[in-house]
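Hello,

Here is the structure for you to look at. Please open it alongside this email. My notes follow below.

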Amino acid sequence: VVVVDRVGWAQANADAFQVLLTPVMGRLREKRKGSSPLDAVGKRLTGVELGLMLGFLASKVLGQYDPFLLPTDDDPDVQGRLLLVAPNIVEVERQLGVLPEDFRMWVCLHEETHRVQFSAVPWMREHVRSEIDLVIGATPLDLGELLGRIVGAARTLADVARPGSQGPSLLDIVQSEEQREVVNRLSAVMSLLEGHADVVMDDVGPDVVPSVATIRARFSRRRDSAIGLSRILRRLLGLEAKMRQYRDGAAFVRGVQGKVGIDGFNAVWTSADLLPSPEEIQKPDAWVTRVHG
């Protein structure tokens, strides 16, 4: 567990992006064998996009479990890392007017559930990593093509940012069809993981978090109440879809448990073939029928 400030969280995620993007950068260097004006422009555009995203999220994220932290000589047994963003947790608990000790335990329960998901299900870490690698691997090696997508995205900014817009985010716009297919699969898995963690943190009961019902009610209202620039940035960066992951995933978990109980739901951890599809996340009965007949 690492307690960080906003800068520390941004740095940790910048480091993680560097690790994830290393294969793509290697392929780019092999393909281009040199530099061009497009390389400099591409780097600057990518830096601006990543900086905007990390800068905005650094003020919003409460906790994060990073399953891809690798063992080191100093810590050979490490299996992931749990980050808690202290100033954000304190700010939100004050806004909600909830008991700090209860709220902090509640946040930790969500992230610890992610730790269990990745440590108790031995294939999950590699499955998620392989899907991420597929998304990154489908990144265009032609910087001209990539810049063309970014320019096309810029032209739609007004529509995406318009109040009430249900259009795609900037991330959706710059994705290729190949990437979009993988992202949809990965989003279904993340909906499962986030929804399951939400269900666990709410179901622990008042013996563990005495004010759990009050916290959930106030936190849900806050999650749905973003307005103005904050809401626009959430839409542009694809965070509206992230919010839906929590809701859709929790509805899936509760829907399946209502049909086949917790033991029946736990079949989802048996193999990657039994993970819900994007369609099944929306229709828990379809997953129950496929898996349990």
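Where is the place of valine 268? Valine 268 sits in the loop between helix 12 (239–265) and helix 13 (278–282). Keep in mind that this is a predicted model.

Is valine 268 buried or exposed? Valine 268 is buried: its relative accessible area is 0%, and buried means under 20%. Setting aside neighbours within four places in sequence, valine 268 is in contact with Trp123, Leu192, Leu274, Leu275, Pro276 and Trp287. Take leucine 192, one of these contacts. Leucine 192 and valine 268 lie 76 residues apart in sequence. In space, their C-alpha atoms are 9.3 Å apart.

Now the strands. The protein has three of them, along with 14 helices. Strand 3 covers residues 81–85. Four of its five residues are buried, so strand 3 is largely enclosed by the rest of the structure.

Glycine 63 stands opposite leucine 84 of strand 3.

Last, the whole protein. Of its 293 residues, 41% are buried. Among contacts with a separation of 6 or more, 74% are between residues 24 or more positions apart. The accessible surface comes to about 15,600 Å². Carbon and sulfur atoms account for 59% of that surface.

Best regards

Methods: Residues are numbered from 1 along each chain as its sequence is written. This is a predicted model: local features need pLDDT of at least 70, side-chain atom pairs count only at pLDDT 80 or more; totals for chains, interfaces and linings use all residues. Side-chain values use heavy atoms; hydrogens and water are left out. Buried means under 20% relative accessible area, exposed over 50%, partly exposed in between (1.4 Å probe, protein chains only). Helices (H or I, at least four residues) and strands (E, at least two) are DSSP runs, numbered from the N terminus. Two strands pair if DSSP finds at least two bridges between them. Contact means heavy atoms within 4.5 Å. Accessible areas come from the Shrake-Rupley method with a 1.4 Å probe; for residues, only the protein chains shown count as cover.
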